[in-house]
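Trainee: I would like to learn how to read the features of a protein model one by one. Can we start with a pair of strands?

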Amino acid sequence: MVINTEDGKNILELRVLSGSMTPYYFVNSGSRIAFVRMGDESVVANAHQLSGLVLKGRNVTYDSLSTEYTLKEMSFDVLAKAYEKQTGSPFQEKLLRSFSLITDKGFLTNAGVLFSDQCPYRHSSLYCTRWTGIHKDDAKDSREYQGNLLSLLDAGEQFVDLHNLKGWIKLPNRRLNTPDYSRRAVFEALVNAFIHRDYSELGSEVHIDIYDDRLVIYSPGGMFDGTLIQDRDLDDVSSKRRNPILADVFAQLDFMEKRGSGLRKIYNETAKLPGFTEAKEPRFRSQATSFYTELLNNNYRSQTNDPVNDPVNDPVNDPVNDPVKSFTLLQKDLISLLKETPTITRPELCERLNVSLATIRRAIAQLKELNIIERIGSDKAGYWKVKSGVDKLIKGR
């Protein structure tokens, strides 16, 4: 296809459709080289990436490969308890086959080994560290876990809970505790890490690194389609799964959705935190062999690492505890408009404040959570009520 540009120059655009019989080699002087696409570059595939291309060409995934372990050697008590708790139905051995955790010959697949109680794979591991400050310096707490995926998920949640401190926001008639991180967002990020990581990369593991200002979850393996997540729209990320069996089991447990909305869920759950602003949005980035989810500490305001003079530890100077600073400019303007015109509609708010409907809905949800506003009556015939005592918080002292 030839495209005529405005300056009169012609550009020849050549589109090469992806094939299913990978890997494809470039042959030159007797040598064969395979390339993989990473972002806007084509890079030479290393041995690990080449193995992945071979599996893709055979139309199989790592988690579906049969192992030498038999059902007699393994048990699935942890999986059974989780299944019964989540579904309310008894766990039966036949589910192992329907979940593709064992083959027709009675051998466990790699997915089966990863869900087994014994799970002998050393690379099924989780490293957790709480660092001092905002860099990898001294560790306040460091733990290593090895085992089946459900145990690792539980261990990761417990480690984050241990270090998920709470600030507070002063309201007209009460004090609202605000966690550093959304527990549900952390859960979604961990599920995403365990499901989509590259388990064929031996000697690697999932990491949780908690700093004063952020929490970072690292997972081996980049985007399965070779793109870079930082170049993608979160609402336009296709549900291509490196480990479809693992994903299906987690979906059966209602730990995830099949439609590939995990990253958006992480964002939405974080946005529900009281006092959330766009500056605290989750960040996602990937490279050829790695994926990072970064959650920013919702209570962190300090630019110093001095624990004595750090205002984040001082309830008097902490901006989170300052009622004037605890509201964003958008929230203050929104409250003023609701007081001025209680019957105003959401589309009218969008027009007055020049923001999207999604932003308005999020701001309203936050103010409802803070018990600042409430909706009286239906959406069509009702009106907004702003709680008494809020004026002082908007206008300042």
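Trainee: Which residue in β13 stands opposite H207?

Mentor: In general, strands of a sheet pair through backbone hydrogen bonds, either parallel or antiparallel. By the convention used here, two strands pair if DSSP finds at least two bridges between them. Here H207 faces Y218 of β13. Strand β12 (residues 206–210) and strand β13 (residues 214–220) run antiparallel and are joined by 4 bridges. Note that this is a predicted model, in which local features need pLDDT of at least 70 and side-chain atom pairs count only at pLDDT 80 or more, while totals for chains, interfaces and linings use all residues. Residues are numbered from 1 along each chain as its sequence is written, and side-chain values use heavy atoms, with hydrogens and water left out.

Trainee: What is the order of the 6 strands in the open sheet?

Mentor: The order is β9-β8-β12-β13-β15-β14, with mixed pairing. Strands are DSSP runs of E with at least two residues, helices are runs of H or I with at least four, and both are numbered from the N terminus. β9 (139–146) and β14 (283–287) each have a single partner strand, so one side of each is left without a neighbour in the sheet. On average, and with direction ignored, neighbouring strands are turned by 10 degrees against each other. Such axes are lines fitted to C-alpha atoms, for helices over the stretch in contact, and angles run from 0 to 180 degrees between N-to-C directions.

Trainee: How many bridges join β8 to β12?

Mentor: There are 5, and these two strands run parallel; within this pair T129 stands opposite D209 of β12. Towards β9, β8 pairs in the antiparallel sense over 7 bridges, and C128 has R143 as its bridge partner in β9. As for cover, 6 of the 7 residues of β8 are buried. Buried means under 20% relative accessible area, exposed over 50%, and partly exposed in between, with a 1.4 Å probe and protein chains only.

Trainee: Which strands does α6 lie across?

Mentor: α6 lies across β8 (125–131), β12, β13 and β15 (290–296), running at about 15 degrees to β13. Helix α8 (residues 262–271) also packs on the sheet, where it touches β14 and β15, and its direction makes about 10 degrees with that of β15. Contact means heavy atoms within 4.5 Å.

Trainee: Now a helix. Which residues of helix α2 are buried?

Mentor: The general idea is that an α-helix has 3.6 residues a turn, so residues three or four places apart point the same way. In α2 (residues 77–87), the buried residues are L79, A80, A82 and Y83. Seen down the axis of α2, they fall within an arc of 165 degrees, so they line one face of the helix; the arc is that of the directions from the helix axis to the C-beta atoms. K81 and K85, on the other side of α2, are exposed. The cover over the buried residues of α2 includes α3 (94–98), α4 (110–115), α5 (149–163) and α7 (244–252). Just after α2, G88 takes a positive phi of about 75 degrees.

Trainee: Which residues have the most contacts inside the largest nonpolar core?

Mentor: A nonpolar core is a set of buried Ala, Val, Leu, Ile, Met, Phe, Trp, Tyr and Cys residues joined through side-chain atoms within 4.5 Å. The largest one has 62 residues, and those with the most contacts inside it are L79, L101, F115, F194, I208 and F250. Helix α6 (residues 183–196) gives the most to this core, with 9 residues. A second, separate core has 20 residues, including C350, L370, I372 and V386. Apart from neighbours within four places in sequence, L79 is in contact with F91, L96, L101, F115, L150, V249 and L253.

Trainee: Is K72 buried or exposed?

Mentor: K72 is exposed, with a relative accessible area of 84%. It sits in the loop between β6 (66–70) and α2. K72 and F107 are 35 residues apart in sequence, and their C-alpha atoms are 9.3 Å apart in space.

Trainee: What percentage of the 397 residues of the protein count as buried?

Mentor: The figure is 46%. The protein has 12 helices and 17 strands.
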